Amino acid sequence: MNQISSSNCAVSGASFMLAASLAFAGANTLQSVLPWQYGMSSTGMAFWQYVIASVLALPLILRIGLGNLRTSHPVAHEIRAFVSALGVHVFVYGFASGVPIWQMVTLLATGPLFIIVGSVLFLGEKVSTARILAALLGFAGAIIISGVGTEGLGWHTFVPILASALWATTDILTKYLVLRGERPETLTVSLLVLMTPNHLAILLLVNALGGVLPAGLATGFPFALPEGNGLWLLLFLGALTAAAQYLLAFAYRDADATYLQPFSDVKVLLGGIVGWIALGQVPSVWFWPGAILIVLASAYIFWSENNKAPQGLATA
């Protein structure tokens, strides 16, 4: 019975992570569309993205009840929200700095390596050889897709890697809170509610330090909203953000962090496909072998975890 329950949790955890990856792929596409086609600043877009997501979460807050949002770990929730918001601003700064979209998205696949190290050091998770191999295989696929070896590395290329490390920290904190009994509803709503004031705090800090920060980072207070279809796309971006965070929380409820990360790499493949369909950005020749490696990594860890021999059971 325990083996069946564990297998079902593995399947549901992987399914939630794949759904979250699809939502993130859609969000990344919109994050490139809104600045380029509608002239929206990246910092303003990030701010309104989470304002909208928080507003859309209001029915969820009312359905759950404010009493259920009480937590014994307020500091951990705040750190999680701040690190996540900082990761967003670092990520959009990469776009503003001219980092190619392929490198921006695919270099986020360094996340599993940060996740594995953090999960071992801070969560005490045991990492199997299969999980390490899957993480390295997925990372190799992401590097192939990015074309790093052919286009060279500038210091701006490390911007998405920094964003990846920040978001990996957010994932580890999510699992930390799950292990201490926090519900997916609490994790989702607390993040969405806290993200907006943290985005605002980062904007205030960036504006105050504008004279010492890299050019293009201190952009003031770009609160202008796009018009027409741009406004609808911004609303959709906020909805995808809320959905992705909710799905992520459910994924970490059902499976541990190191198991789920290869499935998170699938967002590289999904991002390329969505960008191809929605924006007409035809993937490079390196996209397909890299995508195959990423899919193989996810398939391998899924097969490995679900075919472990039950312990203590006799063979029929």
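# Close-up views of a helical protein

**The surroundings of M45.** Leaving aside neighbours within four places in sequence, M45 touches L30, Q31, L34, P35, M40, V92, L234 and L237; a contact means heavy atoms within 4.5 Å. M45 belongs to helix α2. Its relative accessibility is 1%, so M45 counts as buried. Buried means under 20% relative accessible area, exposed over 50% and partly exposed in between, with a 1.4 Å probe and protein chains only. M45 and L225 are 180 residues apart in sequence, yet 8.4 Å apart in space, C-alpha to C-alpha.

The model is predicted: local features need pLDDT of at least 70 and side-chain atom pairs pLDDT 80 or more, while totals for chains, interfaces and linings use all residues. Residues are numbered from 1 along each chain as its sequence is written, and side-chain values use heavy atoms, without hydrogens and water.

**The whole chain, built from helices.** The protein has 14 helices and zero strands. Helices are DSSP runs (H or I, at least four residues), as are strands (E, at least two), numbered from the N terminus. Of the 316 residues, 50% are buried. Among contacts with a separation of 6 or more, 87% join residues 24 or more positions apart.

**Helix α2 crosses helix α11.** The axes of α2 (residues 42-56) and α11 (residues 229-254) come within 8 Å and cross at roughly 65°. Each axis is a line fitted to C-alpha atoms over the stretch in contact, and angles run from 0 to 180 degrees between N-to-C directions. The crossing of α2 and α11 is right-handed, with the near helix turned clockwise from the far one by less than a right angle. From α2, the contact takes in M45, W48, Q49, Y50, I52, A53 and L56. From α11 come L234, L235, L237, G238, A239, T241 and A242. Eleven of the contact residues are nonpolar, three are polar and none is charged. Ala, Val, Leu, Ile, Met, Phe, Trp, Tyr, Cys and Pro count as nonpolar, Asp, Glu, Lys and Arg as charged, and the others, Gly among them, as polar.

**The largest cavity.** The whole structure holds three cavities of 30 Å³ or more. A cavity is a set of points on a 1 Å grid where a 1.4 Å probe fits but cannot get out; lining residues have an atom within 4 Å of a point. The largest cavity has about 530 Å³ of space. A lining of 31 residues surrounds this cavity, with F24, W167, D171, L248 and K267 nearest its centre. Elements giving two or more residues to this lining include α1 (2-38), α4 (74-96) and α9 (158-179). By class, the lining has 14 nonpolar, 13 polar and four charged residues.

**K267, a buried lysine.** K267 sits in helix α13 (residues 266-279). At 17% relative accessibility, K267 counts as buried. Beyond residues up to four places away in sequence, K267 touches S21 and A25. V105 is 162 residues from K267 in sequence, but the two are 8.6 Å apart in space, C-alpha to C-alpha.

**Helix α6 and the residue after it.** In α6, G111, P112, I115, I116, G118, S119 and L123 are buried. G124 follows α6, with a positive phi near 70°.

**G181, an exposed loop residue.** G181 lies in the loop between α9 and α10 (184-208). Its relative accessibility is 55%, so G181 counts as exposed. G181 and R253 are 72 residues apart in sequence and 9.4 Å apart in space, C-alpha to C-alpha.

Note on methods:
1 Å grid on protein atoms, 1.4 Å probe; cavity = no way out; pocket = protein on both sides within 12 Å on 5 of 7 lines; lining within 4 Å. Points joined across faces, edges and corners; volume = space filled by probe spheres on them.
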